[in-house]
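Please walk through this protein one part at a time. The explanation starts with a single residue and then turns to a sheet and a pair of helices.

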Amino acid sequence: MPRLGSMNGILSRLRFSVFSRPIFSSSLSSPSTSPSLPRRAVATAAGSRDDLFNYTSGRWVYNEALRLKERKVVFDADELRRLAAESVGQSLTDVCDLSKLAEGSLNRTFVITLRDGRQILARIPYPAFVPSIYAVASEVATTEYLRSCGIPAPEIYGYSADSDNPAGAPYIFTDFVKGSKLSEVLPSLSNQENNSVFRQLVELESRMMSLSFPAGGSLYFANDLEKVAPGQGVPLKDKRFCVGPDTSLSLWFGRRRLLDVDRGPYQDGRAALEAGANKEIAYLRKFGQPLLPMRRERRRSYKYQPQSPWLHVENLEQFLSITPSLVPRDPALSRFSIRHPDLRPDNILVSRSPGSGCKIVGLSDWKHASILPMFLLAGVPRALHVFGDIIPEPMAPPSLPDDFDKLSEPQQAREKRLYILALVHYHYVTNTKEYNQPHFAALTDPLHALRRRLFQYGGAPWEGESADLKMALIEASKRWDEFTAGRVACPLEFDADDLHDMAALGKDLDSETRGFEMIQSMGGVGEEGWVPFEDYNFSASFLKEIKQGAIETAQSAEDREDIVHWPWDDMDEVVYT
């Protein structure tokens, strides 16, 4: 990818400008912390039977055929209707409609309407959904358990964790909670209403985080887990439920699902810290091969050379050498807790009426929920996170620019969008401080952000680069006395050349990432190249012109390599699974 300067040179030759279209989507549902469009969107009603089976909510500017194949799921629609009706004591003749409501990166949601007016939500995971049986079974148990604890989770009517049923696909049936997605109403909320909603949210989180668990992992019905993993469950006081293997996606992604490795239950914080790294070492020893970074915008920083998996194994082993010292000394931070795994505004349902304000009536989408020690669980939810890892004290409320009234209409829309995102972050953090002190204490622990990065990079699937983990290890070595109070010698050693090279690489990667995100935003492109149907022609033309500009201005061999590794061209992803 061109350096930031040369990229700006390419952009200046185009007729597009940063304000020629909205940089942000109209909703607040993006799972990315960068200002890009969401990869998940609400679908229109199905126009044909094939629409029930295929993804119809957007397009991709690269690898579209692969994304559509991943999301194709065929089932017996009549049997699904019948099963849904029977889950509430009705029959197939009582069903008057089946329509598609929404579809995301992992599942598709349908509304089944009965003649008496009742509506049932049916969620069907895509075939690539992992860890298949475990994930569905755990989502159902998590939803049911939290609902029994007073959390506004959906009511489960019925489910099948596998395809061995008349519909021919796994499914979950729940009630259809009447309400609006918070993402739909958030731009119109007053500051007071915004604060009220996030106070309610934080109070619900406080209730969840106060629940006690005997081990870490994920929740299951004891009977369900016994069928697939006999003897592995750690029972709760309510013997219907138990803690079993962690369903976190990174532990099961691609061929990792074939590995016989420990995924929990975790007996302590160290076991939870180490599971992801041990899994990845096992994966690389069995399947590892030199790879170019999957993130093609970063390949230039590596001089377009394949990276060795064994270097990543070395970094993972270094990470494992320090995990005993990463566990906080405060026992409150090691207590196992649970929270919503994807707390974005799309998953928060609210009811808004005159005189009663805006009230949270439902929290949906509990797949891949994990029970973890508080020091790993804590954090501002990704979709609400805009300021960085450090929580300033005191935290100042955001405001619009002083010259807001003088800005153009597109600029005002952008600044208003940024203001709303900042306000969401502000109200979440300030309410956490007041209404969820244990979480706030974990959030503001000086070592929290570094521990989280080490945990994330140590357990992430390897995609052809190790810089993020190594830079986190270097930071840990510099702050070692903060972890150990000088009681333990640091096992990490980095020479001066290593430190210099990693600092230079980190700076280069940051520049490449900023440039990539700028083009993504200007082109309205979301994660994995997703765009709304109505924007596809614009986005595709925009990226085509960007590429043509890069071709025309290429001068060096590196510039020409940029074209070969263009981030928005189709690519082979199999070697990264």
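**A residue in a loop**

Leaving aside residues up to four places away in sequence, L249 touches V130 and H368; contact means heavy atoms within 4.5 Å. This is a predicted model, in which local features need pLDDT of at least 70 and side-chain atom pairs count only at pLDDT 80 or more, while totals for chains, interfaces and linings use all residues. Residues are numbered from 1 along each chain as its sequence is written, and side-chain values use heavy atoms, with hydrogens and water left out.

L249 sits in the loop between β11 (241-244) and α9 (269-287). Helices (H or I, at least four residues) and strands (E, at least two) are DSSP runs, numbered from the N terminus. L249 has a relative accessible area of 32%, so it counts as partly exposed (buried is under 20%, exposed over 50%, partly exposed in between, with a 1.4 Å probe and protein chains only).

Next comes the sheet. Three strands form an open sheet in the order β8-β13-β14, with antiparallel pairing; two strands pair if DSSP finds at least two bridges between them. The edge strands, β8 (180-181) and β14 (357-363), each pair on one side only. β8 is joined to β13 (residues 348-353) over two bridges, and S180 has V350 in β13 as its bridge partner.

In α10 (residues 309-326), L316, F319, I322 and L326 meet R451, L454, F455 and G458 of α14 (residues 448-459). By class, this contact has six nonpolar, one polar and one charged residues (Ala, Val, Leu, Ile, Met, Phe, Trp, Tyr, Cys and Pro count as nonpolar, Asp, Glu, Lys and Arg as charged, and the others, Gly among them, as polar).

How values were computed
Axes fitted to C-alpha atoms, helices over the stretch in contact; angles between N-to-C directions.
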